[in-house]
Every structure is written in structure tokens, then in C-alpha cells.
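Student: I would like to learn how to read the fold and strand pairing of a protein model. Could you take me through one case?

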Amino acid sequence: MTYKETTEYLFTSAPLFQNVGGGAYKEGLYNTLRLDEHFGHPHQHFKTVHVAGTNGKGSCSHTLAAILQASGLKVGLFTSPHLVDFRERIRVNGQPVSKQYVVDFVEEHRSFFEPLHPSFFELTTAMAFKYFADQQVDVAVVEVGLGGRLDCTNIITPEVCVITNISFDHVAFLGNTLAKIASEKAGIIKEGVPVVIGEAVEETRPVFAQKANEIHAPIYWAEEEKEVQTYQFLADGHIAYETRHDGHLIGELGGLCQRKNADTILCAVGRLRGRGFKISSEDVSRGFANVCEMTGLMGRWQTLCKAPKVVCDTGHNVGGFQWIVQQLRQVKSSLRIVFGMVNDKDISGVLQMMPQHATYYFCQASVQRALPCTEIQRQAAQYGLKGNAYDTVEAACDAALADADKSDFIYIGGSSFVVADLLSIPRYRQKI
């Protein structure tokens, strides 16, 4: 098979959550453990850092990987979903897994895994762990796919666990209260392994504390550690931090949420140092300043054009939009918003926060879960949000650009899959 044929096989033969949602979710670790045994327990051949949370886990995972890479280590990085190419999910020192490796993996092992009927994520996790072992990485930063306790990645025993925050998302699988969701994510906490909690609220803090206490895991609350002393948003879109242990840092990621993420990342770095990792302040500085180049991270308050200003962001739920809307409210120029969502998110919770003074371009991403653009337009009107509907992300973006003056601000988001469609268009991905 060619690489294209192989990825199409993976997307269609194994249920892909980003396309079909709940139909792709398989509860339990039976398939994962069978695959792990078949491949000789590859995750036991390298150290790991495990990152869970509702929002921020992608930014934290990529930045931690960049810092570890800056320290001279060979670093694996496993994240999801991908935006443009499947290979984004599996990287070593920022470089995606080769197309040939993906093809060979499927061709050589399909006779074993096809009878198991694994989900796409179960198979992808097995591929990532085997690739990292084959590449002889020193450490891999592993992002949880969904939840924690029953996630395929939860067979690892990491050096440090990180749980960024808890808000309402995937409630059909994780529970309809913050405490229930926290309990699922606390499932990654391992006996004796330090765990960093990025943010905690009254409902979630006791859940984490109890779990850590039961299995004697040292717990660290990033908000109390206060690694970030002061911060300032710079004119170029970056953030300047003054920190307790690592001095002055420039963060390449410029979203408002990154200030919270920075505390979480720096707290995790402290725990890694305590586990014997030789990470200098210069390594931290380089990782913060160059995370996109070093890891291939895309879609986090990413600027695609300066006149008009065009920014995209993968925030896709109420917790994420609490930060995005704050940033949009700071825009002084005319605001245009290209917006789409998928059908298992709290769309009303997001829409009621969105700025009414903006001009909207409602769209639908090219995944089965995408809400029809006309349905988003109808619901948005109930909250005073006005604009036209477009069948594709490309059509909506083209219309927004055609309408915009050079002084305008265009925001593109609402779903990771809106951003994925945007960045799949060469003229947008290469910056306008």
C-alpha cells in the first residue's frame, strides 16, 4: 500500500473519533494490553511524561517536549488529534514518523490486529510506542487521548504526571460533574510518581488529593507553586515571563491561556529535575521561545497574516473559549469571526460568550461530527450573533478575507477540525 492508502485504511478500518465521535470510543484496556504484549511492551524501553486535562494538554505537552529536547535528550512526542497529516501525532525531536514506517507497521502487523478490531486510537498508540522504542528515544511526552483512567496511554508508568485542568467536555464518557471528570483524569496518577495539577477548583481538588494520598503520589499544585512571578503580553504576540527559578522567559505561544500553562509547565520541569533530568534555565528558555519550530505545534493562537490580522486557535469547548473570548474582547479593530463546531460540544455555552459586535462567517468542517453551518447560524442568532453560512471552511475564510480591510482582525476557530481544514489549504498554511 502507499502511504495515502495506508492512512485511508487506518481512518476507515479502525473507528476514528474525530470523524464519528462516540462510535470510535472503546472503554477498557483489553486491546491495548494485547497490542502491547504483541510488540514486546515497547513503552518499557524509554522514560515518559504523561499529560492529561481538558484544555492545555497539547500546549503543555509540546512545550515540555521542546524543553527536554533543548536539554540534549532524544524526545518522543505523542499527541492528538492531527491537523493536516496523520504523522503529526508521532514525532521524535520534532520530526514526524516517516511515511514508510506507517506503511510497514500496518502491512507487517495487520494480520494480528485486524481480528482484535482495535479503535484508531488504540492502534495509533501502539504504533507510537513501538516507534519510540525503535528510535531509542530517551523520553517520550505522551498526551492522553480521552479521560485518563481507561485511556490507551495509561499503561505507562511515567516520571511525572501532569493534569492541566478540568472543565466540561466528553461528558457522555467521563461524567456530567467536574468531580466525575476529575476522577477519570486522576486515573493516570501512579504510585509514588509526582503529579502536577495545573488548576483545581472546589469540586476537583479533593478528588486529586484523595487519589494521590491513596497511592502515595507526591502532589504539586501549580497555582500554589507560583513559578510565574509576572508576565506581560508583547507587541509581537509573544509573552514575557519573570519566573522563580528560570529567570526571564519569552513564550512563543501568545494565547491568554498560556499564562496558566506556563505555571503548569514550569512546575513539571521542577519535578523532572527532582527525578534526575538535567534541565538548565537556558533549556527552558529555548523550549518556551521555539516550541513551534522544535515540535511542529500549530493552531494555538497562531498568526497567519498581519494585514488583516488573521489568527486561528484550536480551542473547542467552554473552558477553552473563556480565554479566547477575553482575548477577542481586547481587539480594537473591526472583528470578523469564522466559526464552526462539532455536534458533541456545548455550543450554547460557547455562543453565549461570543462577542455580539463581530461579523460572523458560520462554517462546517469536513468531518461527520460537524454541525451544519445553517444550524450554527440559527442557534447563534438566539444570542444576537449575525452572519452568513458557508458549507466549507475555505469558503467562509475566503469570504471573511474578501470583506476585510487591512486593519481588521479575523479569528478562525470553534473546533480543532475548523483549524485542520484551514491549515490543509496550502495558501493559508503557508501564511497569506
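Predicted model: local features only at pLDDT ≥ 70, side-chain atom pairs only at ≥ 80, totals over all residues.

Student: How many helices and strands does the protein have?

Tutor: Elements are DSSP runs numbered from the N terminus: helices are H or I with at least four residues, strands are E with at least two. Here there are 19 helices and 17 strands.

Student: What does the radius of gyration say about the protein?

Tutor: The radius is taken over C-alpha atoms, and the globule rule is 2.2 Å times the number of residues to the power 0.38. For 432 residues a compact globule would have a value near 22 Å, and the protein has 21 Å, which agrees. Its C-alpha atoms fill a box of roughly 55 × 50 × 40 Å along the principal axes.

Student: What percentage of the residues in the protein is buried?

Tutor: Buried means under 20% relative accessible area, exposed over 50%, and partly exposed in between, with a 1.4 Å probe and protein chains only. By that cut-off, 58% of the 432 residues are buried.

Student: Among contacts between residues at least 6 apart in sequence, what percentage joins residues at least 24 apart?

Tutor: A contact means heavy atoms within 4.5 Å. Of the contacts you describe, 72% join residues at least 24 apart.

Student: In which sense do strand 10 and strand 11 pair?

Tutor: Two strands pair if DSSP finds at least two bridges between them. Strand 10 (residues 239–243) and strand 11 (residues 247–251) are antiparallel, with five bridges. They form a hairpin with three residues between them. One of the bridges links Ala-240 to Ile-250 in strand 11.

Student: Which residues lie on the two faces of strand 14?

Tutor: In a regular strand, side chains alternate between the two faces of the sheet. In strand 14, Leu-335, Ile-337 and Phe-339 are on one side, Arg-336 and Val-338 are on the other, and all are buried.

Student: Where are the bridge partners of Arg-336 and Val-338?

Tutor: Arg-336 has Ile-410 as its partner in strand 17, and Val-338 has Tyr-361 in strand 15. Strand 14 runs parallel to strand 17 (residues 409–413), joined by five bridges. Strand 14 also pairs in the parallel sense with strand 15 (residues 359–362), over four bridges.

How values were computed
Residues numbered from 1 in each chain as written. Heavy atoms only, no water.
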